[in-house]
Amino acid sequence: MMWSAIKAFIVKELKLTFRSKASIFWIIAWPAIWLLMTAYVFVPPAAGQPMTLKVGVVNYDVGSTSPFNGTTFIQILNESEYRGVKLFQVKVYENETLMLEDIRRGRLDGGFTIPEGFGENIIFGQARLKVYVGARSLQSAQIAESILRGFIQGLNNGISMRKVNETLRYIEIYSEKYMPKNLTIPVAGNRSWLDFMRDWMIGLASPINASFRDVKPKAFVERSSILGWQTFGAIGMSLLYSGLIIGSTMAVREKEAGTLRRILASPATSTDMLVGKTLSGLITLGIMSAIIVILGVYPCGAKIIWSPMNPAHWLAIILLVLVSIMVIGIGMILSLIARTAESASNLSVVLGLMLAFIAGIWFPKSWLPTWMRFLADIFPATWAIDGIRSALVYGATAAELMPTFLKVLAAAIISYLIGVFAYKKTLRKYVIA
Amino acid sequence: MAADVCLMVRDVSKRFGDRVAVDGVSFKVHGGEIYGLLGPNGAGKTTLLSMIAGILEPDSGEISIDGLNALNPRTRRRVGYCPQDPIVYDNLTGLENMMFYAGLHGLSGGHVKRRCRELLDQMGLGEYAGRRVKTYSGGMKKRLSFAITLIGDPEILLLDEPTTGMDPRIRRSVWESILRLKEEGKTIILATHYMEEADELSDRVAIMDLGKIVAEGSPEGLKNRYGPKAVIDVELSKPAIEPEAMIEKIKPYASGDGVMYGDGKLRVHVDDPDIVSPRIVSELVRMGVGLKTLKITTPTLEDVFLRLTGRRLIGDDVERH
């Protein structure tokens, strides 16, 4: 191999790449657009805060004199908050037909119909309440139903407890007349009769007193971590189509420019061209990845951990190089079927974007249908990007990363070797043509 | 030639599918010589040059440069190949194109840029060195392509149709450059379909047709051996109405079948011009064809090609007469 020739290819390719508007678009603009859209549209700065539902209420319990009635219910709806955010934006309707019309049109997330006698029934028995679950968008339907169910459950518990306490107060007052004062219950650990009744009735109202606490990994709840995940998604997506383009057009661009014959007539060998173009491709992909990381961290607010003293972080960088080599190799294999630079580029973009979307690189695997997750499980680029995420977003150690590293290394070697075979075959075909 | 043989082509053949591009070609080129490969498009010149340049491997036969196989990468350092089209990178500047090919020739260091600028100056491109090639004219690109060929200071230059598409003034300046390179001791293989170019520049010429060399020798030798004694060129005052009938009437006065007509010009191969020319004039007058000029000239390589192949070269195409 001749270093001066390899260097000449690197310099030439970098100049041609960064002077091409189309290349700049695909390398910088396209991933930037996706990343900014993710940061400010799909995961906006308000993401993670509780949602406020738009609900309608029809109150037929207007004349009630009960201490808890339809008006009280509406007041509770208006005052309910979660983490300082109002749970409901309430709109009162005169009749159910108008409210249902608005739910059907997607103007409301849900609605309540409070029947006449609601207040009296709550005090003396069981009150009926009609709850309608709507959907302003596909994503909000499930959330709306959960919030409405949770609210009613909470309200039920609250009212039950108040009724229990009220009942116990009466029992305490009147039991003195009919029950011995020191009566204890042996099966309940000889507790006093009154204590036993209190616990028994609270248990009837709410058998399980569950307390919920957020102990989810920060990665899934913090916007910055979500954006860190997506930043490497953008890198993975761009690596896929750009790497495929670099590999698939390696020989055909020179053939179409007419320069291939002149290159082959020079003392430089086809191996010099392969090495030079691969290295320039890796530099291009490296620059592209660095730009995406900067965009992810600064304007978007992604959390990416980096410490030069952490071997896992260097392993992540090597993973990035390996996945680039692998994708360039796959691109060279594509050159066997693409006859022109344009068709090679188009094929690479389509295949790259498709793989990014269906193989768990841009969208999380959990979003994909089960059969599609299989592809994500066997695609080495997904292993690599997930490995990089685990190190640079979630803080995985080098030891944790090592199995992924070895698998990606093997995949990169195999893909590139097959790619070299395809490249040599393509060159022979072009020289004869 | 007294100099040693520096290029030897022996019984070389190349076929692409059913088509035979080069068919058992053999020749030798001596050091410091300009060797012309003359023939129409499709004669096999570019394929032959590609094999000499080491781009293509012959199906059979042998090509050696100073005793080394042409496919050996070491021989490529000694060869400069200038392809037919001005193939350069449009989005690089002239200087960047030169620097790229300098790298491919193993040249590095500070002197390379100087050498590139010198070559660009020689080709009259010095002041455009920093401009992107996409702003160059076709002629400028061709000159840049020619300058690139010289970047590695090769001993042997393979020039494939170096002046195709150039206007006469630039073509003449490229010819001067080629002759200057010969004076510097370069060996030049010049593939061309321009008879005049081969005649003017070549020490020896191989006439190629359908993949074979049909004749080889110095231009003068070929003309003496295969050409007519003289040629009568007649320019008609207006194009002939029935050219085929006119050719048939003139044929008895011609040497062999040497009568050609095109673009209002009649060309007749003759052995005794003094006797034949008045008769040709009379015949034309009798046919009602007006004459503008009549010239008696010496034969060219085009006349040799006609005699050898029965066909005539016009521009890029071959025409039967």
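This is a predicted model: local features need pLDDT of at least 70, side-chain atom pairs count only at pLDDT 80 or more; totals for chains, interfaces and linings use all residues.

Reader: OK. How many helices and strands are there in chain B?

Author: Chain B has 11 helices and 16 strands. Its C-alpha atoms fill a box of roughly 75 × 45 × 40 Å along the principal axes.

Reader: And what share of chain B is buried?

Author: Of the 321 residues in chain B, 53% are buried. The accessible surface of the chain comes to about 14100 Å², and carbon and sulfur atoms account for 46% of that.

Reader: What about contacts in chain B between residues 24 or more positions apart?

Author: Those make up 67% of the chain B contacts with a separation of 6 or more.

Reader: Now the interface. How many residues of chain B are in contact with chain A?

Author: On the chain B side 30 residues are in contact, and they meet 23 residues of chain A. The area buried between the two chains is about 2500 Å², with 64% of it from carbon and sulfur atoms.

Reader: What about polar contacts across the interface, how many pairs?

Author: The count between chain B and chain A is 15 residue pairs in polar contact, with both residues at pLDDT 80 or more.

Reader: Which elements of chain B give two or more residues to that side?

Author: Helix H1 (45-52), helix H2 (73-76), strand S6 (79-82), helix H3 (94-104) and helix H5 (138-149) of chain B. The largest share is five residues, and that comes from H3(B).

Reader: And how does that side of chain B divide into nonpolar, polar and charged?

Author: There are 16 nonpolar residues, 10 polar and four charged on the side of chain B that touches chain A.

Reader: How many salt bridges cross between the two chains?

Author: The rule finds two across the interface of chain B and chain A. There is a salt bridge between the side chains of A:Lys15 and B:Glu96, at 3.2 Å from N to O.

Reader: Where do A:Asp377 and A:Lys365 lie?

Author: A:Asp377 is in helix H15 (residues 370-378) of chain A, while A:Lys365 is in the loop between helix H14 (341-358) and H15, so the pair ties together parts that are 12 residues apart in sequence. A:Asp377 is partly exposed, with a relative accessible area of 44%, and A:Lys365 is partly exposed too, at 30%.

Reader: Back to chain B. What does B:Glu62 pair with?

Author: B:Glu62 meets B:Arg10 in a salt bridge between side chains, 2.8 Å from N to O. That pair links distant parts of the chain, with B:Glu62 in strand S4 (residues 60-65) and B:Arg10 in strand S1 (residues 5-16), 52 residues apart.

Reader: Are those two buried or partly exposed?

Author: B:Glu62 counts as partly exposed at 31% relative accessibility, and B:Arg10 counts as partly exposed at 46%.

Reader: What about B:Asp23, what is its salt bridge partner?

Author: B:Lys212, with the closest N and O atoms 3.7 Å apart. Here B:Asp23 sits in strand S2 (residues 19-30) and B:Lys212 in strand S10 (residues 212-217), 189 residues apart.

Reader: Switching to chain A, where is A:Ser238 found?

Author: A:Ser238 is in helix H9 (residues 223-248) of chain A.

Reader: Why does A:Ser238 count as buried?

Author: Because A:Ser238 has 0% relative accessibility, and buried means under 20%.

Reader: So what lies 2.7 Å from a polar atom of its side chain?

Author: The backbone oxygen of A:Ala234 lies at that distance from the A:Ser238 side chain. Leaving aside neighbours within four places in sequence, A:Ser238 is in contact with A:Pro31, A:Gly243, A:Met288 and A:Ile292.

Conventions. Residues are numbered from 1 along each chain as its sequence is written. Chains are lettered from A and ligands numbered from 1 in the order in which they are written. Side-chain values use heavy atoms; hydrogens and water are left out. Contact means heavy atoms within 4.5 Å. Buried area is the accessible area (1.4 Å probe) that two parts lose on being put together, summed over both. A salt bridge is a side-chain nitrogen of Lys or Arg within 4 Å of a carboxyl oxygen of Asp or Glu. A polar contact is a pair of N or O atoms within 3.5 Å; within protein, one must be able to donate a hydrogen and the other to accept it, and residues adjacent in sequence count only if both atoms are side-chain atoms. Helices (H or I, at least four residues) and strands (E, at least two) are DSSP runs, numbered from the N terminus. Ala, Val, Leu, Ile, Met, Phe, Trp, Tyr, Cys and Pro count as nonpolar, Asp, Glu, Lys and Arg as charged, and the others, Gly among them, as polar. Buried means under 20% relative accessible area, exposed over 50%, partly exposed in between (1.4 Å probe, protein chains only). Accessible areas come from the Shrake-Rupley method with a 1.4 Å probe; for residues, only the protein chains shown count as cover.
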